[in-house]
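Try each one yourself before you read the solution.

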Amino acid sequence: MSTLIIEGLRAAVDGSEILKGVDLEVPAGEVHAVMGPNGSGKSTLSHVIAGRPGYEVLGGSVRIDDVELLDKPTWQRAEAGLFLAMQYPTEVPGVALRDLLSASVRTPEDPAEIGERMRIEAERIGFGSQFLERPLNVDLSGGEKKRNETLQLGVLRPTFAILDELDSGLDVDALRMVSQRVEEETQEHGLGVLAITHYSRLFEQLKPDVVHVFADGRIQESGGPELATELEETGYERWVTAPAAASAGLPDDPFADPLA
Ligand code: ADP
Ligand code: MG
């Protein structure tokens, strides 16, 4: 059984260090939630794992078992079994979803079977099959883009999926279908999931084994599923050392009377 191993991962963007030593292990078949305040570096973490250009890796390792991913281009990381559902999926004019998926399947498989899998996956998450012929994500609503990411996951069957706010932009019914589909994939094919979110509602269908609190560039605390509910009630105050306003040199209360 495979494990996604992140060790001492440090990365900078535009000269400032955003990831300050991330340690995380996700065994296949498990769901690990990553919850944290805005701007804490969650998307940066997902981008650095997937190999998006523009980030400077300062140290550490990201492996699937003993295969180091950090020295590989993104397509080879995907080939090794990694999948990223982006917070803001990219629009790709001129490339139909069907063609993208046909070109992306990991092992050479019967194209007819892949076509059939696309049809089945679209049906499972209530996604119109007309989207298969349309250019990737172009003019799709936020929710449709998230269904699109989920369909890709179902067809490609990665070993590990990073879901960056898969729940954002989805209405309750779509959220139920999409999170249920990912949960099924953990059971049907032993998918390992790193699910980044603000809201515990994602976890009504998608059952987390471990919940991690991510703040200030690293994992601050890990616990069971109950931690997700607790976080939603109490917020992240406990883990945030310097409020954004203070670190920017602004007064705590911008409306306070300066003469008072
Ligand atoms: P989160 O997903 O937790 O809300 P992000 O990873 O998107 O946070 O961002 C973390 C920090 O890095 C933020 O302060 C953000 O402004 C900064 N950042 C992210 N990407 C870039 C970039 N390309 N250039 C400059 N700053 C960036
Ligand atoms: Mg983000």
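**Exercise 1.** Work out why the chain's radius of gyration agrees with a compact globule.

Solution. Start with the rule: 2.2 Å times the number of residues to the power 0.38, with the radius taken over C-alpha atoms. Next, look at the spans of the C-alpha trace along its principal axes: about 70 × 40 × 35 Å.

A word on the source: this is a predicted model, where local features need pLDDT of at least 70, side-chain atom pairs count only at pLDDT 80 or more, and totals for chains, interfaces and linings use all residues. Residues are numbered from 1 along each chain as its sequence is written, chains are lettered from A and ligands numbered from 1 in the order written, and side-chain values use heavy atoms, without hydrogens and water.

**Exercise 2.** Find what share of the 260 residues is buried.

Solution. Buried means under 20% relative accessible area (1.4 Å probe, protein chains only). By that cut-off, buried residues make up 48% of the chain.

**Exercise 3.** Find which residues coordinate the magnesium ion (ligand 2).

Solution. First, pick the donors: N, O and S atoms within 2.8 Å of the metal (3.2 Å for Na, K and Ca); water is not among the atoms, so sites may look incomplete. That gives S43 (OG) and Q87 (OE1), at 2.1 to 2.3 Å. Then place them: S43 is in helix α1 (residues 42-50), while Q87 is in the loop between β6 (82-85) and β7 (92-96), 44 residues apart. Helices (H or I, at least four residues) and strands (E, at least two) are DSSP runs, numbered from the N terminus. Finally, Q87 is buried, because its relative accessible area is 14%.

Notes:
Buried means under 20% relative accessible area, exposed over 50%, partly exposed in between (1.4 Å probe, protein chains only).
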